[in-house]
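Please keep the sequence and the coordinates at hand while reading.

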Amino acid sequence: MSVSAVDLLVLQKDNTWELEEWIVPLSTALAGTTAEQAIWAPPGGGNTIWQTISHINYYNERMLSRLKGVEPDARVETNEETFAGGTPDEAVWAEVLAETKRIQLELREAIASLSNEELEAPYANTNESVGREFSRWMLHDAYHAGQIVLIRRQQGSWRS
């Protein structure tokens, strides 16, 4: 059985979004979180779950735009600007989670539709290929999913 680079990227996407095998995927890390939990700040500082999801959504939306051949929305001046606040409003938190899911599923679909030639093409205006950039980028979601699990453990809202 032959496994293509696209197959491996799709597997990585599945593992970082919803398929729990050896790491906790982002959807699992977020499952059951309330708006109150999402705005809780860790003792001693650090980002909230909501801020972390805002950051993930910002960059993943940019990746998705590029995959679709659309120029991403205006760029922020600093990375810190991507960590937007939050509110104890459950309806707004539900919208944020729905947006996160939409972006993740559209990214998976876009990645699955890539050809090997498209994987070798330059990513945006960098010296990296699309395939190499995406392979590394999915580690970004895994990293932040781990942070969310840690925050939930600190607040006592993570599974036993």
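This is a predicted model: local features need pLDDT of at least 70, side-chain atom pairs count only at pLDDT 80 or more; totals for chains, interfaces and linings use all residues.

A residue is called buried when its relative accessible area is under 20%, exposed when that area is over 50%, and partly exposed in between. By this criterion asparagine 57, at 11% relative accessibility, counts as buried.

**Overall fold**

- The secondary structure of the protein amounts to seven helices and zero strands, and from the N terminus on the order of elements reads α-α-α-α-α-α-α.
- The radius of gyration is 16 Å, close to the 15 Å that the globule rule gives for 160 residues, so the protein is as compact as a globular protein of that length.
- Along the principal axes, the C-alpha trace spans about 45 × 40 × 30 Å.
- Of the 160 residues, 41% count as buried, while the protein exposes about 8900 Å², of which carbon and sulfur atoms supply 53%.
- When contacts between residues at least 6 apart in sequence are considered, 73% of them join residues at least 24 apart.

- Once neighbours within four places in sequence are left aside, asparagine 57 is in contact with Val96, Glu99, Thr100 and Ile103.
- Threonine 28 lies in helix H2, which covers residues 26-30, and this threonine is buried because its relative accessible area of 17% falls under the 20% limit.
- Not counting residues up to four places away in sequence, threonine 28 touches Trp17, Glu20, Arg152, Trp158 and Arg159.
- The C-alpha atoms of threonine 28 and alanine 145 are separated by 8.6 Å, although the two residues are 117 residues apart along the chain.

- Alanine 124 is placed in the loop between helix H6 (116-120) and H7, where its relative accessible area of 40% makes it partly exposed.
- Most residues other than glycine have a negative phi. In alanine 124, by contrast, phi is near 45°, a positive value in a residue other than glycine.

**The largest cavity**

- The structure holds one cavity of 30 Å³ or more, and about 60 Å³ of space lies in the largest cavity.
- Which elements give two or more residues to the lining of the largest cavity? They are helix H4 (49-67), helix H5 (90-112) and helix H7 (130-155), and H7 gives the most, with four residues.
- The residues that line the largest cavity are Lys13, Asn60, Met63, Leu107, Ile111, Phe134, Trp137, Met138 and Asp141.
- Sorted by class, the lining of the largest cavity comprises six nonpolar residues, one polar residue and two charged residues.

How values were computed. Residues are numbered from 1 along each chain as its sequence is written. Side-chain values use heavy atoms; hydrogens and water are left out. On a 1 Å grid over the protein atoms alone, a cavity is a set of points where a 1.4 Å probe fits but cannot get out, and a pocket is an open set with protein on both sides within 12 Å along at least five of seven lines; lining residues have an atom within 4 Å of a point. Grid points are joined across faces, edges and corners, and a volume is the space filled by probe spheres set on the points. Ala, Val, Leu, Ile, Met, Phe, Trp, Tyr, Cys and Pro count as nonpolar, Asp, Glu, Lys and Arg as charged, and the others, Gly among them, as polar. The radius of gyration is taken over C-alpha atoms; the globule rule is 2.2 Å times the number of residues to the power 0.38. Buried means under 20% relative accessible area, exposed over 50%, partly exposed in between (1.4 Å probe, protein chains only). Contact means heavy atoms within 4.5 Å. Accessible areas come from the Shrake-Rupley method with a 1.4 Å probe; for residues, only the protein chains shown count as cover.
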